[in-house]
Amino acid sequence: MRWLSMDNFLLITASYKLVKDILKVSDGEEVIVTTDTGSDFQVALSIAQASMALNAKPLIVLRNEAPVVGKAMDKYIPVNSLSAVLSTADVWIALDRSYLVYSTPYERAMSVGKVRYIELSGFNSDMMVRLIGNVNVQLLYEFQRRLAKITSKVKKIRIVTELGTNIEFENDPQRPVLTEGEVNGPGEYMLFGQVDWAPIEESVNGTVVIDGTIWPPIGPLKSPVKLRIRDGRIMEMSGGPEAKVLERWLRDLNDDKMFMVAHVTYGCHPYAKLSGNIVEDERVWGSIVWGFGSQSSTFKGKIGLASSHVDAVMLNATIYGDDQVIVKDGEFVREELQDLARQLKGA
Ligand SMILES: [Fe+2]
């Protein structure tokens with residue numbers, strides 16, 4: 001571990017910003033930091049130190065990295081102990097590389113409804129500094145709100161890419177378009193840099209060609225994976241060997257919900273790049289992420305929890321909302337987004 005370096009200065013600054021400005025940790029609050037053996041322990045320590053500076057009471061929980069995520073990970077983790085800790089805490093910062101989202105401890109903690117939980121799976125020092133420390137968070141929240149507003153007014157969406165994506169779906173105006181990362185009371189929060197929603201499941205029809213990352217079970221792709229989707233369900237996977245890996249992994253879970261489209265997401269973090277960490281990859285500016293399997297209740301969709309969840313990142317997409325272009329070749333093109341986009345990217 002590097003205790004005395006310039007990195008530590010920047011890491012503690014980012015950690016302090018996370019607990020103070022983003023999670024709004026206050027005097028005496030119990031802050032749980034969960035991490036696993038696949039993660040950077042230095043980050044957990046730094047967040048605990050920053051919490052101490054706010055007179056909060058941090059506790060770090062370290063466990064072994066699990067080979068799977070979601071419900072399927074229950075047999076690898078201390079379900080009861082984790083459930084107890086996470087259900088009673090005020091704040092939960094999750095650094096676990098094998099993330100706990102959709103696991104039983106997660107489900108129990110969310111049903112109690114006390115904790116303010118943010119998912120930062122596998123965050124290392126560099127990610128803390130680049131994706132949290134360096135960002136004008138208020139500006140990004142405003143960008144997300146404007147993008148969500150544009151999207152919530154749209155009924156029909158069509159997405160195409162040069163690699164052959166051509167897919168359409170409809171939105172339900174009763175379902176929310178979520179702007180991630182704005183912490184406001186108890187609940188489940190993802191890092192900012194994403195706007196996501198659940199389309200009407202059975203309206204999703206067409207082909208998507210994934211060229212970024214699929215996690216789990218793969219990571220950054222060597223060659224594109226093509227998914228043919230009918231009525232919101234993956235019917236066929238094709239491409240190189242990675243398509244076979246995905247298909248085998250999905251079939252082994254023996255859960256038809258794993259093939260269902262759970263969410264569609266815009267990535268809009270100005271400093272995210274394809275790094276192999278899904279939390280960063282699914283925030284790449286102008287990317288589109290397809291989620292399959294477990295669907296958080298916050299989306300107000302029809303799927304609910306499944307045995308696991310997969311995120312598939314698609315780059316350089318063009319997105320039409322009711323025939324108006326929202327994103328062109330991976331760049332947000334609507335006029336009301338331009339000034340904020342420029343400022344966020346420091347252009
Ligand atoms: Fe997802």
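1. Thr213 stands opposite Pro220 in strand 12. Strand 12 is joined to strand 11 (residues 213–215) by two bridges, and strands 11 and 12 run antiparallel. Strands (E, at least two residues) and helices (H or I, at least four) are DSSP runs, numbered from the N terminus. The model is a predicted one: local features need pLDDT of at least 70 and side-chain atom pairs count only at pLDDT 80 or more, while totals for chains, interfaces and linings use all residues. Residue numbers start from 1 along each chain as its sequence is written.

2. Two strands pair if DSSP finds at least two bridges between them.

3. Strand 9 (residues 194–197) pairs in the antiparallel sense with strand 7 (residues 178–179) over two bridges, and Asp196 is the bridge partner of Leu178. Strand 9 also pairs with strand 15 (residues 261–267), again antiparallel, over four bridges; here Gln194 stands opposite Gly267.

4. From strand 9, Gln194 and Asp196 point one way and Val195 and Trp197 the other way; all are buried. Buried denotes 20 or more other C-beta atoms within 10 Å of a residue's own, exposed 12 or fewer, and partly exposed anything in between, with C-beta atoms placed from the backbone.

5. In helix 9 (residues 335–344), the residues Leu340, Ala341 and Leu344 are buried. Viewed down the axis of helix 9, these buried residues fall within an arc of 110°, so they line one face of the helix. The arc is that of the directions from the helix axis to the C-beta atoms. The buried residues of helix 9 pack against helix 6 (137–152) and strand 20 (331–332). The face turned away from this buried side carries the exposed residues Glu335, Gln338, Asp339 and Arg342. Gly346, with a positive phi near 70°, follows helix 9.

6. Leu250 lies in helix 7 (residues 241–252). Leu250 counts as buried because it has 21 C-beta neighbours inside 10 Å. Leaving aside neighbours within four places in sequence, Leu250 is in contact with Met258 and Phe259; contact means that the C-beta atoms, placed from the backbone, lie within 7 Å.

Technical notes
Contact = placed C-beta atoms within 7 Å.
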